[in-house]
Amino acid sequence: MPNAIALKVLIVDDQNSVRQMTRLNLEEIGIRHIHEAENGRKAMETASVQPLDLIISDYYMPEMDGLALLRAVRGHPVARKVPFILLTGRGDRELVVKAAQAGVNNYLIKPFSAAILRGKIEQVMGKLS
Amino acid sequence: MASLDQLKLTFFDECGEALQQIEAGLTDIRAGQGSDETVNAVFRAVHSVKGGAGIFGFEALVGFAHVFETVLDGIRRGTQEATPETLDVLLAASDVLSDLVQMSRDGASVPPDFGSDCRNALEQIIAGDHADKGAGEGENAIAPADFDEIDFTPVRVDQMDSGPNLADQSGPDAIASLKSFAITFRPKAEMLKKGNEPLYIFRELRKLGDFDLIAEMDGLPPLGEIEPSRPYLAWSGTLRCAASRAEIEQVFEFVAGDCDLEIVEAVPVIALSMTETAEMPVSATPEPNYPAPAPTPDATSDKGAAAAKVSTPAASVAKETAPVAGAAKESAPAASVSRAPSAKPAATTTRIELEKIDRVVNMVGELVIAQAMLGQIVLDLPEGTSGRLSQVLEEVRHHTRELKDSVMSMRAQPVGAVFQRMPRLVRELATKTNKKVRLEMAGETTEVDRSIIERLGDPLTHIIRNSVDHGIESPADRLTAGKSEEGTIRLAAEHRGSRIVIEIIDDGAGINSERVLKKARERGLIGADAVLSDDEINNLIMLPGFSTAETISDISGRGVGMDVVRSNIQNIGGRISLKSERGRGMTIQLALPLTLAVMDGMVIKVGKEIYVMPLSAIIECLRPARSEISNLIGTRGMLQLRGDLLPLVNLGDLLDIESATTDIDETVVIITDAGEGSRFGIVVDELCGHQQVVMKSIEESYGSVPGIAAATILGNGRVAFILDVEKLSDLAANSSFGAAYSSKAPLDVKAA
C-alpha cells in the first residue's frame, strides 16, 4: 500500500492555474512531494534526474505535448516504468486510444475533484494510505 | 498554499495571455502569415481557456470555447479550410470569448443567448464541414460529450510492462483492440534437433505487436556440461497486440509438440469494446472531425488482421483531407517566414500582489527623500569636512536611483495590454462604417508603469476611433485618391529617453485645415484675422468644444472630443502632438512619462516659496537681458527669443506670492511648453537645482488646486508643491492680464 506522503509526483501542464489546481488536489489527498513542469521537454528533464512515482500530464502543450512526453518516458532507460496519467478534455476519445497504445496507465478528464483524482491514482498505484 | 480565488486570478491572467495569442494568431493567419504552428498555438490557447474554465466552473465559457475549438481543430487537421470568411467568424469568436472571460472574471451572469450569433456561425462551419466529409455524424455533434463509459482498464503499476510501444509500429490510425497475452515458452529437448530456432519464433511474435521477453535461466548447467543441441532456456513474456489467440498459436505451429506452451490472455490494456462503442449515440460523438472510431473486431475472432483493415477507412479520411491542408498552406505563401510564431516561450515569473509592490515603491520614495535630506545636511557642513561623506553619499544616490528603477520596472507592464483591445475595435468600427482598415502594431512589449497603462486605454481608443471614423476614407474614395482600398492604421510604442512615445499613424485623408479654421472662427476660438501655421490649425481640433464631424456618427462626434484626450494625456504628465498632411494621413504622437510616482523636477524659488516644476515641461532656462523684454501690458511682458516673441508670466503674480522679486535683472525665465506647441516663459526668482521628487497626491485632502499637480517633500523636510504647467498657462490666460494672449489660441507671433 503506497503511502501518499512518500509519493513523488510530477505535474505537467502549460497552464499555471491548472498546475496549481492539480497541486491543491494532490495536497488534499496527502501527497507532499510535488514537482511541476510546464511542458513535455521540461518534464523530461525533471524525469531524467528525479526519481518519480507518478507523472500527471496534460496533452496540449507547446514544445512537447503529453503524448510525446509519454512516448519519451516509456522509451527512457530510467523513467520508463513511471506510471503516467494523462489529463484530457471531455471528448478526447481518440487521444485516450493513442495514449493507451503508447502505454498510459490511466486518464483523467478535466475538470476533476480531489476524490476523482485519488480514485484514478489508486487504480494505478493501489490504495493510498 | 494558494486559495481558490487566487488560482482563479491566475487563470484569468492566463486567459488574457491566451486571448492575446488567439487574436494575434488569427490575425496572422488572416493576413496569410500563419503557419501550421500558428494554428496549433491558437488551438492550444482556446483549449487552455476551455480547460481552465472547466476546472473553475465557468460553464458558459466552456461551452463556447468548445465550439470555437472544434472549428480550429478542423483547420488544424485540414478537414476545414481556413477561408477569409471562416477567419472572420473566428475573429468574431475571439471577441465573444474575450467578453465571456471578462464576464466570468467580473462574476457577472452570462445571458443565455450571449454570443449565440457567433456560436451559430461556428456551428454552421462545423456542419458544413460535415457535409463535405459526408460523414454521418448528427447535427448535435458539437455538444460536449463525456466518455467515462470507455472501457479503459487502468494499468496498475505492478502490471506494467515496458519496451517499445505499439503505437510507434502501427501508426496513429490503428484504432484497435489491444489484448495482452502472457506467453510462457519452454522448449523440450527435441526442439532444436528438429531445426527450430526460438529466435525466429520471437521475431514472428514481434511482428504481431509489442513483445516483451524474459529468459528463465534456472535450467542452465555449468559451462562444461552444456550440450549444444539441447535447449536449456525457457522464456516468458508479454505480447500486446491486436492479434487473436489463434494467430499467436499459429506462430508456434511447427514447434507445437516440442514445447510446453502457455498462452494466457491478460487483463485488456484497452478495449473500446464493441458493445460500448455501438451504444454511444452517434450524435454525441464529441469531435466530429475525428475519424469515426473504427469498429473493434470481435475479441474471439480468429481474423486478427481485421483490426488493421477496419482502421483503414479512418486513415483514408485523413489522407483525403490532407490535400485540403496543403491548399490552405499554399494560399498563405508567406507562411511562417516573416513572423516569429505567436507562441511565446513562457517566462519565469512570480506573481506578486500589486499592493506589496506599491509598498516597496513608497519605501523607495521615502528613501529618495531621506537621501535628499542627507544630501542637504552634507551640503551644510563646514567646508572641507564632508569629503569622504560626499563620496559615500554619491554612491547612495546612485544605488537609490537603481533601486527606484528596478522597483518601477516591477510595476511596469507592456503596453500590449492596452494595444490588444485595438484590433477588435478597429474590426468593429470598420464593419460599422463599411471601410477596410488594417491595423499594424509595433512595440507591444514596450513597458510602462501600470498607472499609465490604466489611463492610456480611453485616450487611445478615442484616437483610433477618430482615425477609422474620420481619418480613413471609404474604399471608393480611397481608390479615387489613388490609394489602396484598404486603409492602414499603425500603432507603435517605443522608449525614448525617460519617456514612452506612442504613435498612431493613419494613411487617411488628414485634417481639412480650411474647415478647421472656418469652424474655429465661427466658434470664436480664434480671432477673425489670426494668422496661424498649419500645425497650429491642426492643433485647434484639440480645443474644448471643437468637433468638425459634419454628422454625429454612432462612433465619434458625441462632443467628447480631442480636448478630453488631450487633458487625459496631460493629466498623466504626457504630451500630445499632431501632424497632418492633407490627403496623406495623420500622425498623433503621445509622449508619456514612464512612471507617475517619482519624477525629475526643477526646484525653483519665488519669494520665500519653493516649488517644483516637472523637468519634462521645461525647454530651457535663461536670464534674459533687459533689452530682450518688452513690457506690453502691466507687469506682463514679452520675451524676444531668437526671433520669436514669447509671452511671459510672472509666477509670483500668478500665485499671489508676496516679496517676489520684481527686478527683471534678478529673475530667471523658464521657457516651458504647455502643449500643442505653445511656449511661454515663466518668471521665477531663483533655480535651486534639479532633483528627483516623489509625487504625493494632495487631491484627497485639498481637492484639485488649479496650477498645482501634487506635492513633494524636499531634502530639508519642507513640503513643496509641484506645478502643473499646463494649468498655469490656463490660469495666466484667464487672469485679468491674460487678454493679450491666450493659451487656448496658441499665438506664436512671428517677430516682424
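In which loop of chain A does A:P111 lie? A:P111 is found in the loop between β5 (106–109) and α5 (114–125) of chain A. The structure is a predicted model, in which local features need pLDDT of at least 70 and side-chain atom pairs count only at pLDDT 80 or more, while totals for chains, interfaces and linings use all residues. Residues are numbered from 1 along each chain as its sequence is written, and chains are lettered from A and ligands numbered from 1 in the order in which they are written.

**Chain A: overall make-up**

- Chain A contains 5 helices and 5 strands; helices (H or I, at least four residues) and strands (E, at least two) are DSSP runs, numbered from the N terminus.
- Along the sequence, these elements of chain A follow the pattern β-α-β-α-β-α-β-α-β-α.
- Of the 129 residues in chain A, 60% are buried; a residue is buried if 20 or more other C-beta atoms lie within 10 Å of its own, exposed if 12 or fewer, and partly exposed in between, with C-beta atoms placed from the backbone.
- Among the contacts in chain A with a separation of 6 or more, 62% are accounted for by residues 24 or more positions apart; two residues are in contact if their C-beta atoms, placed from the backbone, lie within 7 Å.
- In helix α2 (residues 40–49) of chain A, the buried residues are A:G40, A:K42, A:A43, A:M44 and A:A47.
- The cover over these buried residues of α2(A) includes β1 (8–12), β2 (33–37), β3 (54–57) and α3 (66–74) of chain A.

**Chain B: overall make-up**

- Chain B has 22 helices and 22 strands.
- Of its 752 residues, 38% count as buried in chain B.
- For contacts in chain B between residues at least 6 apart in sequence, 71% join residues at least 24 apart.
- Helix α11 (residues 354–380) of chain B has 27 residues and spans 39 Å from its first C-alpha to its last, close to the 39 Å expected at 1.5 Å a residue; the expected span is 1.5 Å times one less than the number of residues.
- Within α11(B), B:V361, B:V364, B:G365, B:V368 and B:A372 are buried, and their cover includes α12 (387–411), β12 (598–606) and β20 (686–694) of chain B.

- Helix α1 (residues 16–29) of chain A packs against helix α1 (residues 4–30) of chain B at an angle of about 155°, with the axes 8 Å apart; axes are lines fitted to C-alpha atoms, for helices over the stretch in contact, and angles run from 0 to 180 degrees between N-to-C directions.
- The angle makes α1(A) roughly antiparallel to α1(B); angles under 35 degrees count as roughly parallel, over 145 as roughly antiparallel, 65 to 115 as roughly perpendicular and the rest as oblique.
- The crossing of α1(A) with α1(B) is left-handed, a term used if the near helix is turned anticlockwise from the far one by less than a right angle, with right-handed used if clockwise.
- A:N16, A:S17, A:Q20 and A:M21 of α1(A) make the contact with B:L7, B:T10, B:F11 and B:E14 of α1(B).
- These contact residues of α1(A) and α1(B) comprise 3 nonpolar, 4 polar and 1 charged; Ala, Val, Leu, Ile, Met, Phe, Trp, Tyr, Cys and Pro count as nonpolar, Asp, Glu, Lys and Arg as charged, and the others, Gly among them, as polar.

**Helix packing within chain B**

- Helices α2 (residues 36–56) and α3 (residues 59–77) of chain B pack at an angle of about 160°, their axes lying 9 Å apart.
- This angle makes α2(B) roughly antiparallel to α3(B), and their crossing is left-handed.
- Residues of α2(B) in the contact include B:V39, B:F43 and B:V46, and those of α3(B) include B:L61, B:A65 and B:F68.
- By class, the contact of α2(B) with α3(B) has 12 nonpolar, 4 polar and 4 charged residues.

**Backbone features and loop residues**

- Most residues other than glycine have a negative phi, and most peptide bonds are trans.
- A cis peptide bond joins A:K110 and A:P111, with omega at about -10°.
- A:E63, in the loop between β3 and α3 of chain A, has a positive phi near 75°.
- A:E63 counts as partly exposed because it has 15 C-beta neighbours inside 10 Å.
- B:N434, in the loop between α14 (422–433) and β6 (437–442) of chain B, has a positive phi near 55°.
- B:N434 counts as exposed because it has 9 C-beta neighbours inside 10 Å.
- B:K608 lies in the loop between β12 and β13 (609–614) of chain B, and its 10 C-beta neighbours inside 10 Å make B:K608 exposed.
- B:K608 and B:D685 are 77 residues apart along the chain, and their C-alpha atoms are separated by 9.5 Å.
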